[in-house]
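Here is a friendly walk through a multi-chain model, with an eye on how its pieces pack. Have the viewer open and follow along.

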Amino acid sequence: MTIAQDALQLPHLNYGALAPMLILFGAAAVGVLIEAFVPRRSRYALQLVLGLGALVAALIVVITESGTRELTAGAAIALDGPALFLQGSLAALGIVALLLIAERTLEPGGPFVAAAAVTAGTEEDRTQAAREDAGTEVYPLLLFALGGMMLFVSANDLLTMFVALEVFSLPLYLMCGLARRRRLLSQESAMKYFLLGSFASAFFLFGIAMLYGFSGQISFAGIHSAIQTSTQSTTLLYIGLALVALGLLFKAAAAPFHVWIPDVYQGAPTPITAFMSACTKVAAFGALIRVLYVAFQGTDWDFRPVIGAIAVLTMLVGSILSVTQTDIKRLLAYSSIANAGYILVGVLGLSKDGLSSTLFYLVTYGFTVIAAFGVVTLVRDADGEATHLSRWAGLGRRSPLYAGLFTFLMLAFAGIPLTSGFTGKFAVFAAAIGGGQSWLVVFGVVSSMILAFPYLRVVVMMWLSEPGESTPTVSIPGALTSATLAIGGLATLVLGVVPAPLLDLTNHAAQFIR
Amino acid sequence: MPVHFAAAHGTLSSIWLLVAIPLASAAILLLFGRFTERWGHLLGVASVLASFILGLIYFFSLRGLSSPYRAASLNLFDFIPVGGLKVQFGLLYDPLSAIFVLLITGVGFLIHLYAVGYMSHDEGRRRFFGYFNLFVAAMLLLVLGNNYVITFVGWEGVGLASYLLISFWYDRPAAATAGKKAFIMNRVGDAGFVTAIFLMFATFGSVNFADVFNGVASHGAGQTTILILGLLLLLGACGKSGQFPLQAWLPDAMEGPTPVSALIHAATMVTAGVYLIARSNPLFTANLTLQTVVVAVGAFTLLFGSIIGGAKDDIKRVLAWSTVSQIGYMFLGVGLGGAAYALALIHLLAHGFFKAGLFLGAGSVMHSMKDRTDIRRFGGLWRYMPITWATFGLGYLSIIGIPPLSGFFSKDPIIESAFNRAGWTGWLFGSAALLGAGLTAFYMTRLFVLTFHGPKRWTEDIEHPHESPAVMTIPLVLLAVGSIAAGALFVYSPFNVKDWLRPVFNNPAAEGHEHIGQWWATGMTFVVVLIGLAIGLLLFRRGTAPQEQPAGPVVAAARANLFGDMFNETVFEKPGLYLTRALVYLDNRGIDGLVNGLAALVGGSSGRLRRTQTGFVRSYALSMLGGALLIVAAMLAVALG
Amino acid sequence: MSHSILAAAAGQMGTGEKVFFWIFGPLALIGAIGMVWARNAVHSALFLVLTMLSLGVFYVLQAGPFIGMVQIIVYTGAIMMLFLFVLMLVGRDSSDALIETLRGQRTAAILIGLGFAGLVCTAIARAMGSVSAKGLDAANQANGGNVQGIAALLFTKYVFAFEVTSALLITAAVGAMILAHVERRRENRLSQVDLMKARFAPGNYPGPKPGPGVYATSDSVATPALLPDGTFADRSVSKILPTRELSGAESAPKGTER
């Protein structure tokens with residue numbers, strides 16, 4: 001038995017179009033080597049330059065490749081409009097998040113622990129908390145995660161998608177546990193995220209098995225054609241659809257698979273929370289729309305009510321629960337859940353508009369939320385970030401500039417016009433109406449009304465109360481955080497006032513290939 | 001005839017400057033902070049003056065256009081192009097917008113000028129003018145938008161500015177609470193507006209005024225859709241304009257500085273609801289039930305407001321309830337349709353002048369009485385503040401409709417139109433409007449007499465009330481001139497508003513249905529007004545007790561806002577509170593009524609739901625498994641069932 | 001690999017396959033249930049080994065010898081044994097409380113679990129009526145064998161996914177290093193001389209530590225040895241062992257007594 005060598009041909013790989021992912025994975029591997037061979041004190045600068053360079057290079061390549069519309073690597077990867085758009089957004093949001101992650105002026109050594117293996121709470125831990133150096137493993141991990149996310153949004157079969165899911169999840173689990181302060185909380189959140197993430201992955205895998213049982217294929221095109229032609233019982237198809245959707249909805253933070261979000265967002269180091277809330281959402285929804293639009297097109301009438309019900313539940317749970325939150329990070333976490341609901345509404349437009357508005361929303365939300373968490377990192381006292389809402393009372397007097405910026409971001413979340421939050425919501429709701437899903441929009445409007453209340457409470461808290469003894473100070477951000485805040489705030493404003501160019505871009509990109 | 005707005009050219013292609021100038025000024029004031037401390041307020045005044053002058057120039061160039069094409073539409077850029085829906089950032093300058101622009105910038109300029117004096121001792125004057133300019137810009141955008149989305153952008157903008165200005169003195173808890181209440185009640189109205197916008201898009205495929213109106217005209221929508229659409233818009237209008245059942249925030253909003261009350265909560269922002277209905281006139285005219293609802297809301301609110309106004313002792317609250325009541329007249333007018341649209345608009349303009357004048361007069365009184373607002377502790381002030389007395393008096397005579405002041409020309413025709421509505425409802429609404437006129441005369445007389453005449457009932461610390469400085473009295477005088485002249489000017493001069501607005505409300509008035517003639521109506525109104533005035537004069541000529549007196553059921557009810565808050569409390573708040581008990585921490589102090597109840601309901605369910613968030617990973621996993629069970633079962637049920 | 005097993009025709013089950021299935025199927029199930037049920041972590045691990053072995057047998061039965069062997073060698077052989085080593089090293093007597101503190105959690109878990117299983121099983125059972133099984137024969141023939149077939153897939157269709165798996169492995173390795181490796185810093189590293197000095201510093205006992213006491217009633221490591229004068233030798237008990245007496249907080253009323 002010899003392998004029929006002449007029969008086996010390596011599939012064509014369009015290296016140009018794959019380059020963004022290859023650059024990130026390559027840079028991540030170099031980053032790991034830097035961890036191994038470069039002395040500790042020079043690692044930070046090297047890693048930062050490497051990471052930024054890789055992300056910028058990836059972004060540039062995505063832009064130059066923006067005309068590409070093809071299946072490559074044996075049809076395992078689809079580089080079409082949505083994939084390239086999402087890869088570009090991931091790179092852009094990744095750059096902004098990286099700036100936040102790399103900030104080291106707010107506290108000596110930055111927000112990441114110097115040696116994660118030291119048991120929390122011990123004497124050794126206290127000495128290391130004062131150390132000025134910090135672990136730099138987070139940079140290669142970030143690059144791995146972003147590379148995985150890029151693959152996730154362009155995967156054209158379920159196996160590749162699953163591998164990508166794991167590739168970007170594992171670094172996220174790790175990064176959640178690396179906080180310098182409140183380490184037990186951080187480690188607990190990492191552990192929870194890991195356990196629940198594995199649980200969800202198991203469902204995803206189970207769903208893949210069901211779909212394979214139905215169609216004998218795992219490529220999206222294969223499943224799609226099987227739906228059109230197959231005479232097999234469709235029971236397997238629907239179980240598979242439900243379970244695959246579950247795996248993706250878990251990452252996207254839709255109820256009732258949202259339970260991990262508040263704990264993880266609260267426990268993780270804030271820059272990582274910012275990264276997750278922007279980029280993980282982009283990745284999860286990117287994959288979800290591909291699965292729903294490419295593989296399951298033709299079963300619209302069946303999954304629409306179910307996913308619609310999930311969207312409604314998500315919006316209501318997110319908005320209602322955010323009302324009683326007393327911790328700013330948890331508040332933003334629940335708001336992120338509600339926003340997942342709004343994006344789902346756009347997804348369920350199930351049309352070109354639905355696709356383009358979802359893409360638009362993901363980008364606008366990403367920039368706003370990174371900037372919001374950026375402000376959270378600034379409000380500190382001796383114990384690190386002061387996240388309890390009562391501590392934010394009177395912040396407007398202490399630091400009108402940052403309180404003003406945060407107010408603006410809150411108004412954007414509340415969907416006040418001339419912010420990107422309004423245009424984004426308008427776009428997804430309009431797409432849902434266009435797709436005949438008015439009932440979702442009604443719930444969307446109701447939920448965003450409820451959600452305006454907690455945002456307003458933060459604003460009122462900051463501006464209309466006297467600063468007390470316990471009101472923390474707002475640290476002066478370094479250049480990196482300032483850049484993050486400026487980019488996030490500007491994007492929120494510009495995409496609210498002149499969203500047309502980006503909407504044109506998403507419209508242009510909104511065409512999947514199969 | 002399909003509605004079509006010609007593209008702007010010539011002078012009118014620069015109408016965006018109207019919005020841009022105050023916006024730029026607001027940006028400078030708010031962003032550059034302390035650098036602008038010295039000259040910031042002057043910039044604020046100048047920017048509004050510039051807008052006013054531009055408004056005049058545009059007004060005359062619009063007059064220069066021939067009548068059927070008197071409109072200029074200007075598309076600045078594509079705002080939100082989502083697939084089939086193209087929302088443009090477009091402006092529309094037509095006769096309706098034109099008079100609103102003049103009102104906003106004209107009255108706005110005078111009030112800005114007044115505020116220079118009024119706020120001269122306040123630390124936050126620069127911030128105040130920043131917000132104030134922001135408000136003017138947003139309000140101009142509201143009336144200049146050429147589609148519902150841009151109108152909504154302005155709508156939210158004025159809401160935000162008003163919220164910031166109400167709670168401007170944030171160190172007063174009442175001010176902060178009032179700001180919150182205004183914001184939340186407005187959100188209820190806004191939700192109606194947003195839903196209406198989406199419904200329009202779903203029905204007509206566009207949110208442009210022209211497309212929507214043409215869609216209505218060509219029967220592009222069923223009567224039910226039009227009714228729902230109209231009711232949703234009405235909900236939005238009620239929220240913004242303080243009409244029943246969303247009236248409670250407006251009187252509380254008086255916690256803000258007086259110029260704010262004058263500009264936002266009397267002259268301009270609160271009339272946005274009237275603007276919305278007038279702008280959507282093709283839609284409202286298309287459904288009779290809809291018109292009846294609008295008329296009913298207006299009639300009910302005007303009575304409601306004037307009854308409560310008679311029992312309040314706070315000078316600004318009386319005026320606020322009076323505003324609620326007068327806007328009720330405007331709603332009545334726009335609800336009647338036909339020729340009454342123009343009447344409502346005339347009343348809106350006249351009201352803009354005399355109510356702004358009354359508020360500024362009240363501010364002037366408070367200025368000299370150390371910020372006291374209780375009319376039971378005023379009295380005899382006419383001797384000390386003659387200018388304020390005279391201007392306030394003119395406003396007072398105008399609002400109750402004494403000829404030949406402006407209120408007479410604007411209110412009487414509305415009452416007459418109400419009587420002439422077809423069927424028995426004409427008698428009903430006509431009588432309500434007539435009764436309202438009498439009540440208005442009563443409570444305004446009470447206010448005027450208790451403030452300026454009768455014995456002095458001042459608190460001990462006030463020795464010498466003094467007239468306000470010129471920067472405050474000049475606007476008072478100008479507004480008083482306005483309240484004398486506006487009515488006659490708008491009705492009989494070459495600038496008469498009816499003709500001017502004909503292109504907007506192009507449906508010829510369906511007259512002919514006359515229950516009573518013009519002279520009958522005028523005569524009756526005049527008599528009723530005189531009766532109200534006389535009662536007020538007789539009762540309060542000798543002043544009143546400085547403390548609250550036990551009173552009969554009517555007065556007690558009116559003092560309690562006609563149980564409006566209590567109604568909200570029992571229907572909405574109590575059940576919500578029972579639901580929540582003390583389960584959750586909820587910052588609900590002071591947001592009363594409906595809002596509180598809803599908040600309690602949400603907070604209560606929030607508290608319950610929150611207990612599912614145990615923090616244990618096994619219970620999270622369990623909920624995910626439950627979710628998986630549900631989603632699989634649901635999918636199978638939908639697909640195979 | 002014998003051809004008699006591989007030759008199972010598409011859509012049919014040979015007798016041998018049936019027999020093996022009915023032997024190993026219940027075993028796999030027992031293993032899975034036992035893993036969840038067992039109180040002892042080592043038992044759990046061993047139950048898991050049983051399940052994985054059974055699965056390996058299934059793979060082989062279904063004409064996938066390569067994956068079957070990999071399952072047995074890698075999962076059962078390498079990973080589970082490593083697992084057991086770790087369990088043994090950490091100590092098999094971990095004192096995690098197994099008492100459920102959340103009210104209704106167990107009942108709900110059992111109910112929902114059974115519900116999910118029931119739903120999926122009935123649905124699949126219904127679906128199976130109209131599903132025609134293909135088997136792996138054709139796939140195994142195509143490239144001249146099972147292993148060759150897998151290789152062909154890995155290097156053509158799934159080459160990118162296969163390569164990207166390396167990122168996963170690197171991440172895992174980096175993660176293990178981050179979470180477990182405590183770097184010794186140069187300034188903390190002690191030389192031989194330092195160590196010697198520390199050993200003979202006052203307050204330190206240079207000799208080997210005494211073992212715990214061994215008595216007729218107890219030979220626990222927590223029992224201190226007796227010194228010649230009859231007092232306890234504190235050093236004979238390791239410091240990491242918790243004291244066995246109840247603390248004040250522990251013996252305080254919990255509000256559960258009648």
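Two strands count as paired if DSSP finds at least two bridges between them. With that in hand, and keeping in mind that this is a predicted model, look at strand β3 (residues 379-381) of chain A, which pairs with β4(A) in the antiparallel sense over 2 bridges. One residue pair to pick out is D381(A), whose bridge partner in β4(A) is G384(A).

The strands belong to an open sheet of 3 strands, ordered β4-β3-β5 in chain A, and the pairing is antiparallel. Which strands stand at the edges? They are β4 (384-385) and β5 (473-474) of chain A; each has a single partner strand, so one side of each is left without a neighbour in the sheet. Helix α14(A) packs on this sheet and touches β3, β4 and β5 of chain A. The direction of α14(A) makes about 20 degrees with that of β3(A).

## Helix α14 and its partner α3

Helix α14 (residues 352-378) of chain A also meets helix α3 (residues 81-101) of chain A: their axes come within 10 Å and cross at roughly 5 degrees. Angles under 35 degrees count as roughly parallel, and that crossing makes α3(A) roughly parallel to α14(A).

From α3(A), the contact draws on P82(A), F85(A), L86(A), S89(A), L93(A), V96(A), A97(A) and L100(A). From α14(A), the residues include L355(A), L359(A), L362(A), V363(A), G366(A) and F367(A). By class, the contact holds 13 nonpolar and 4 polar residues, and no charged ones.

## A buried lysine

Is K281(A) buried or exposed? The threshold for burial is 20 or more other C-beta atoms within 10 Å; K281(A) has 23 C-beta neighbours inside 10 Å, so it counts as buried. This lysine is found in helix α11 (residues 270-295) of chain A.

Setting aside neighbours within four places in sequence, K281(A) is in contact with A252(A), A340(A), L362(A), Y365(A) and G366(A).

## The annotated domain of chain A

UniProt, in an unreviewed entry, lists residues 155-450 of chain A as "domain: NADH:quinone oxidoreductase/Mrp antiporter transmembrane". In the model, this span is 78% helix and 2% strand, and its end C-alpha atoms are 37 Å apart.

## Chain B and a helix pair

Chain B has 25 helices and 2 strands. Of its 641 residues, 60% count as buried. Among contacts in chain B between residues at least 6 apart in sequence, 79% join residues at least 24 apart.

K411(B), I414(B), I415(B), A418(B) and F419(B) make the contact from α17(B), and partners on α18(B) include W427(B), F429(B) and L434(B). The contact divides into 9 nonpolar, 2 polar and 1 charged residues.

## Where the chains meet

Between chains A and B, 64 residues of chain A are in contact with 56 residues of chain B. Several helices of chain A each supply at least two residues to its side, among them α7 (183-215), α12 (300-323) and α14. The largest share, 13 residues, comes from α18(A). The chain A side divides into 48 nonpolar, 9 polar and 7 charged residues.

The contact between chains C and A takes 36 residues from chain C and 43 residues from chain A. On the chain C side, α5 (105-128), α7 (146-155) and α8 (159-180) each supply at least two residues, and α8(C) gives the largest share, 15 residues. By class, the chain C side has 21 nonpolar, 11 polar and 4 charged residues.

## Annotated spans in chain C

An unreviewed UniProt entry places "transmembrane region" features in chain C, including residues 45-61 and 108-128. Residues 45-61 of chain C are 100% helix, with end C-alpha atoms 24 Å apart. Residues 108-128 of chain C are also 100% helix, and there the end C-alpha atoms lie 30 Å apart.

Notes
Residues are numbered from 1 along each chain as its sequence is written. Chains are lettered from A and ligands numbered from 1 in the order in which they are written. This is a predicted model: local features need pLDDT of at least 70, side-chain atom pairs count only at pLDDT 80 or more; totals for chains, interfaces and linings use all residues. Two residues are in contact if their C-beta atoms, placed from the backbone, lie within 7 Å. Helices (H or I, at least four residues) and strands (E, at least two) are DSSP runs, numbered from the N terminus. Ala, Val, Leu, Ile, Met, Phe, Trp, Tyr, Cys and Pro count as nonpolar, Asp, Glu, Lys and Arg as charged, and the others, Gly among them, as polar. Axes are lines fitted to C-alpha atoms, for helices over the stretch in contact, and angles run from 0 to 180 degrees between N-to-C directions. Angles under 35 degrees count as roughly parallel, over 145 as roughly antiparallel, 65 to 115 as roughly perpendicular and the rest as oblique. UniProt positions are given in the numbering used here, feature names are shortened, and annotations may be inferred rather than shown by experiment. A residue is buried if 20 or more other C-beta atoms lie within 10 Å of its own, exposed if 12 or fewer, and partly exposed in between; C-beta atoms are placed from the backbone.
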